[in-house]
Amino acid sequence: MSFMEIRQLSKNFYHLSALSLVSLSVEPGELLGLIGPNGSGKTTLFNCVTGVLRPSGGQVRFKGEDITKLSADAVYHRGISRTFQLIQLFPEMTVLENLLMAAQERQGTLLSRLLRRDETAEMDRALKLVDYLGLFGVKDNLAANLSYGQQKLLDFGMALMPNPQLILLDEPMAGVNPTMIKALVTHIQDLNAQGYTFVVIEHNMEVVMSLCRRIVVLSQGEKIAEGTPAEIHDNPAVMDAYFGT
Amino acid sequence: MTDVFQLLVAGLSIGSIYAMAAIGFVLLWQTSNTINFAQGEFVVLPAFVMVLFLTVFRFPFAAALVATVIVSTLLLGLLVKKVLVERLLKMGVLPLVIATIGLSMLIRYSLQQFWTPLALPFPAIFSRQPIRVGGVIFSSEEVMNVLSAAIVIGTLQLLIRRTKLGWAMQAVAQNRDLASVLGINVSRLVGVTFMLNAALTAVAAVLIAPVYLVKYDIGIGIGLKAFYAAIIGGFNQIRGALLGGLLVGLVETYSAAYISNQFRDAFALVILIGVLLLKPEGLLGIKEEWA
Amino acid sequence: MRGWRTLGILVGAVVLLLFPLVLEQYKLYLASLTLVYLILAIGLNLTLGYAGQISLAHAGFMSFGAYAVAILVPLGVPFEGGLVVGVVIAFLWGLVLGFPALKVKHHYLAMVTLGFNIIVFLVLRNWESLTGGSFGISGIARPRWGPVRFQSDRAYYYYILGWTVLVVASAHWILHSRWGRAFRSIRENEMRAEVVGVSLRNYKLMAFAIGSAYAGVGGALFAPLLTYIDPGAFTLDRSIQFLMMVVMGGLGRFEGPFLGAVVVTLLPELLRASEGFYLIIFSLAVILMMLFMPKGLVEIWDWMVRKLTAQRLDPARPPAPPEPAAVLEPK
């Protein structure tokens, strides 16, 4: 049984078909790449999976459970976390607070969150992450005051905080300098080796081809190819989708 | 039965004036995210200015009207935009809201203190002669109000639909950043919208003054009605504000005539609850989809 | 930093406790009124400042507390009982109002809450058998505990102070918990908050309910202060007054309501010397304050604190962290 299974997923905005009968599966421990030209529906797919958008049709199953109609917070509780193409942080909170925020709703009940004051475990984890990501120097800075690269790292850190089982990264390398790209790639590989499952949307072909063992290609809302990097590389339909006629 | 028609015209008459205030209100919101709590005072001030030109400077009517519109446009349009809106818009909606609350108080109490706390009489613009149509008697003033409002609003619609300026306004209303990227000078456009609003409220002032009398505190009621009209009709469409204004005018007129004091409130209540529960974005409003 | 804060609280406590002994009637009334408004501002600051949910219904919730006390106390219910009833009603209706907040935002929500305020006002005015309609209710008694009566202005001031301390302490407790952080996350980025597991439904409902409950407390204390209430005290104007306090004080900052309540209540009084002009000067002050301190009076407060402590101030500092491990430990 696949870790996550997407069956015939569709999403329409009024008359625009953003996703059309897309099916794919994710195996546990995988590092799956999701590529395609702009507007092909990749982020829409993520949004549908994570409960940010309600799909118009189809199904999403995670560890055997149908999560299609769940709200975003419920999806998060199931162990799926994500980053965003356009960085989404809490601007007036510090780096540490952003990370704590990413962890606090994972456990306990509404009432326990009011009564329980101890945050040492979460703080420990946040500090370790801050160190791992190289953000220790800015840990008390407001998220709005970070550089773009630092914000990307924070976004990444927030996705890791709740100890998720599946991590969806939406263009983690976009707008990031080459040194940082190398660092991020190393982080992702490290974590994947430790057992975290990733699905990565990326435009940077070098990164995708080297990082991912399996790739799915979307174009205009449909899945047009699936396979290893080599297979995708030689696939004429993929070339066509990107450079078109 | 003839009553119903007479009241209809009366309701439309006052309603079309509310509609003008409401339309300006909605335009400001659309193009610059401004909730103008001083909209009522934007009607009162030109009314006072008109009185100034008519009684003190003794201008003939048409000249006074033009002068009032110009003063209003400069003061309540350009000046307000430059001083308040430009600075505060980037801080979010609320600081500007509070500033407009302060502005409404400033205008209101300045008029009370520096001019007069008393009500000033305003000359009737249109003759109050009754018109007979098949046994039904209308006030020609009311008919002229509706016509004037129709002309003004119609012109506005043309402006928005058919001119470059209008398209620019629509663009900014829909997607500010995109409009800016496409070369529209958003700041200048916001200035133009403010001036348009000031012109609208000036005209509304001239039409409403003979009916309401000119007093420093009538702005509260007018502003509130413009707000209701925008709520009921829909904040994101001019048609909505128009419909809302007319509805408010009609409800006000009919309930004053047919419903006793006690139930007048209940009636208004039911309509309000109805709209809020069933269609919180307004009767003609469009639901803004979030995710 | 800690030292300064404790000192500040002590000084404040001394002022609040001792000053009233030298104040006479009108000024005492103003002090009491400021405390009541502080309670109301704290409630609205929670809903709007921290959770980002615009509410123009605050005066409506205030009326629940006021009328509960005004109606029940003459029937023999102790004041505190009436207060609790008012607060519970306010809390429940706050929950009700929270539901539209789940569907609409910003100006739409403003309108819905405005509509609620108007509806409450109309009901208060028309349900004469219960509320006395436009005539209101007069002769509202102040609390008594057996032989101890809080009848005099001075005694009642201290009674109000007691409740104020309770409100401030409870608000501090709530806002510095995970709930406080969750509220702020909703205000700052609602979509992201939901994606990190924040139940928008639960927290928005709580933001409204708790804010309204505080308004109920304020309303209950308000009624005996004036000894007379009528629906006219709970109109949109009143809700806007609280909005002004919260925005001018500083949205989403704990100190905000203190500064806002004091300024909005006392500034017009200070200006009364200028007779007819005081409202004009006040409205000018409002406009100028927004132009030069759009984040509220906390900007001055922060500046002062910075000068005094020569440290950078962050809204909610996490505790000093221990030394982290040098190498990442998995999971």
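What share of the contacts in chain A with a separation of 6 or more is accounted for by residues 24 or more positions apart? The share is 66%, where two residues are in contact if their C-beta atoms, placed from the backbone, lie within 7 Å. The model is predicted, so local features are given only at pLDDT of at least 70 and side-chain atom pairs only at pLDDT 80 or more, while totals for chains, interfaces and linings use all residues. Residues are numbered from 1 along each chain as its sequence is written, and chains are lettered from A and ligands numbered from 1 in the order in which they are written.

**View 1. Overall dimensions of chain A.** Chain A holds 10 helices and 10 strands; helices (H or I, at least four residues) and strands (E, at least two) are DSSP runs, numbered from the N terminus. Its radius of gyration is 18 Å, which agrees with the value near 18 Å for a compact globule of 245 residues; this radius is taken over C-alpha atoms, and the globule rule is 2.2 Å times the number of residues to the power 0.38. Along the principal axes, the C-alpha atoms of chain A fill a box of roughly 55 × 40 × 35 Å. Of the 245 residues, 43% count as buried, a residue being buried if 20 or more other C-beta atoms lie within 10 Å of its own, exposed if 12 or fewer, and partly exposed in between, with C-beta atoms placed from the backbone.

View 2. In chain A, 6 strands form an open sheet with mixed pairing, in the order 6-7-8-3-9-10, where two strands pair if DSSP finds at least two bridges between them. Strand 6 and strand 10 (222–227) of chain A are the edge strands, each pairing on one side only. Neighbouring strands of this sheet are turned by 20 degrees against each other on average, direction ignored; axes are lines fitted to C-alpha atoms, for helices over the stretch in contact, and angles run from 0 to 180 degrees between N-to-C directions. Strand 3 (residues 31–35) and strand 8 (residues 197–201) of chain A run parallel and are joined by 4 bridges, and Leu31(A) has Phe198(A) of strand 8 as its bridge partner. Helix 1 (residues 42–49) of chain A lies across strand 3, strand 6, strand 7, strand 8 and strand 9 (214–219), and runs at about 145 degrees to strand 7.

**View 3. Helix 6 of chain A and its surroundings.** Helix 6 (residues 148–160) of chain A has 13 residues and reaches 19 Å from its first C-alpha to its last, close to the 18 Å expected at 1.5 Å a residue, the expected span being 1.5 Å times one less than the number of residues. Its buried residues include Gln151(A), Lys152(A), Leu153(A), Asp155(A) and Gly157(A). Among the elements that cover the buried residues of helix 6 are strand 6 (80–82), helix 3, helix 5 and strand 7 (166–170) of chain A.

View 4. Most residues other than glycine have a negative phi. Leu21(A), in strand 2 (residues 16–26) of chain A, has a positive phi near 50 degrees, and it counts as partly exposed because 14 C-beta neighbours lie inside 10 Å. Arg58(B), in the loop between helix 2 (39–56) and helix 3 (61–88) of chain B, has a positive phi near 55 degrees; Arg58(B) is exposed, with 9 other C-beta atoms within 10 Å.

**View 5. The contact between chain A and chain C.** Here 35 residues of chain A are in contact with 29 residues of chain C. Helix 2 (72–77), helix 3 (95–104), helix 4 (110–115) and helix 5 (120–132) of chain A each supply at least two residues of the side that touches chain C, and helix 3 gives the most, with 6 residues. By class, this side of chain A has 17 nonpolar, 7 polar and 11 charged residues; Ala, Val, Leu, Ile, Met, Phe, Trp, Tyr, Cys and Pro count as nonpolar, Asp, Glu, Lys and Arg as charged, and the others, Gly among them, as polar.

**View 6. The contact between chain B and chain C.** This contact takes 29 residues from chain B and 29 residues from chain C. Helix 3, helix 4 (93–115) and helix 11 (261–278) of chain B each supply at least two residues of the side that touches chain C, and the largest share, 12 residues, comes from helix 4.
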